[in-house]
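Reader: I would like to learn how to read a model of this kind feature by feature, beginning with the overall form and ending with a single residue. Could you take me through it?

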Amino acid sequence: MKFKSAKINAFRTWGLLLTMLGMGLMILGTAGIVFWGSAGKVVAAIGLVIGLVSMIASLAIYFWAGMLSTSAVQVECPECHKLTKMLGKTDRCMFCHTILTMDPAQATVTAEQLEGQQLKH
Ligand SMILES: [Zn+2]
């Protein structure tokens, strides 16, 4: 799967999705008891366990994203001039999703060239 967003934002999105999924499963599980009575208890138990696991997983992802963002490099995006955080050598800008790279070998446009392009417009 390919996300058109900064890595930190992608982690946050996944964390949020997992939290929602976990909460949804727990609510559905509990609703199962109401709708199906004793038969629903099995559904509820499974729902609660899976819900809890995905909640814990989302917490772990959030924690990981937090750890990663402390080690991320803060740079000024050459495209939108906002301060963004980069993970690794290549990442996308959090605001305009421009691909940024620290590796000169992978860069197609340097910051100076981009400045020149913008001045021409
Ligand atoms: Zn940007």
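Author: What follows goes from the source of the model to its fold, its helices and one glycine.

Author: This is a predicted model, in which local features need pLDDT of at least 70 and side-chain atom pairs count only at pLDDT 80 or more, while totals for chains, interfaces and linings use all residues. Residues are numbered from 1 along each chain as its sequence is written.

Reader: Which pattern does the protein follow along the sequence?

Author: Helices (H or I, at least four residues) and strands (E, at least two) are DSSP runs, numbered from the N terminus. Here there are three helices and four strands, and read along the sequence they give α-α-β-β-β-β-α.

Reader: How should I read the radius of gyration of the protein?

Author: The radius is taken over C-alpha atoms, and the globule rule is 2.2 Å times the number of residues to the power 0.38. A compact globule of 121 residues would have a value near 14 Å, but the protein has 21 Å; its C-alpha atoms fill a box of roughly 70 × 30 × 20 Å along the principal axes.

Reader: Where does UniProt place the feature "transmembrane region"?

Author: UniProt positions are given in the numbering used here, with shortened feature names, and annotations may be inferred rather than shown by experiment. The unreviewed entry places the feature at residues 12–36 and 42–65. In the model, residues 12–36 are 100% helix, with end C-alpha atoms 35 Å apart, and residues 42–65 are also 100% helix, with end C-alpha atoms 34 Å apart.

Reader: What span should helix α1 have?

Author: The expected span of a helix is 1.5 Å times one less than its number of residues. The 30 residues of α1 (residues 7–36) should therefore span 44 Å, and the end C-alpha atoms are 42 Å apart, which agrees. After α1 comes G37, whose phi is positive, near 65°.

Reader: Which residues of α1 are buried?

Author: A residue is buried if 20 or more other C-beta atoms, placed from the backbone, lie within 10 Å of its own. By this count 19% of the 121 residues are buried, and those in α1 include F11, G15, L18, G22 and G29. The buried residues of α1 pack against α2 (39–71), β2 (83–86) and β3 (90–92).

Reader: Why does G29 count as buried?

Author: G29, which lies in helix α1, is buried because 21 other C-beta atoms lie within 10 Å. Two residues are in contact if their C-beta atoms, placed from the backbone, lie within 7 Å. Leaving aside neighbours within four places in sequence, G29 is in contact with V43, A44, I46, G47, L48 and G51.

Methods: A residue is buried if 20 or more other C-beta atoms lie within 10 Å of its own, exposed if 12 or fewer, and partly exposed in between; C-beta atoms are placed from the backbone.
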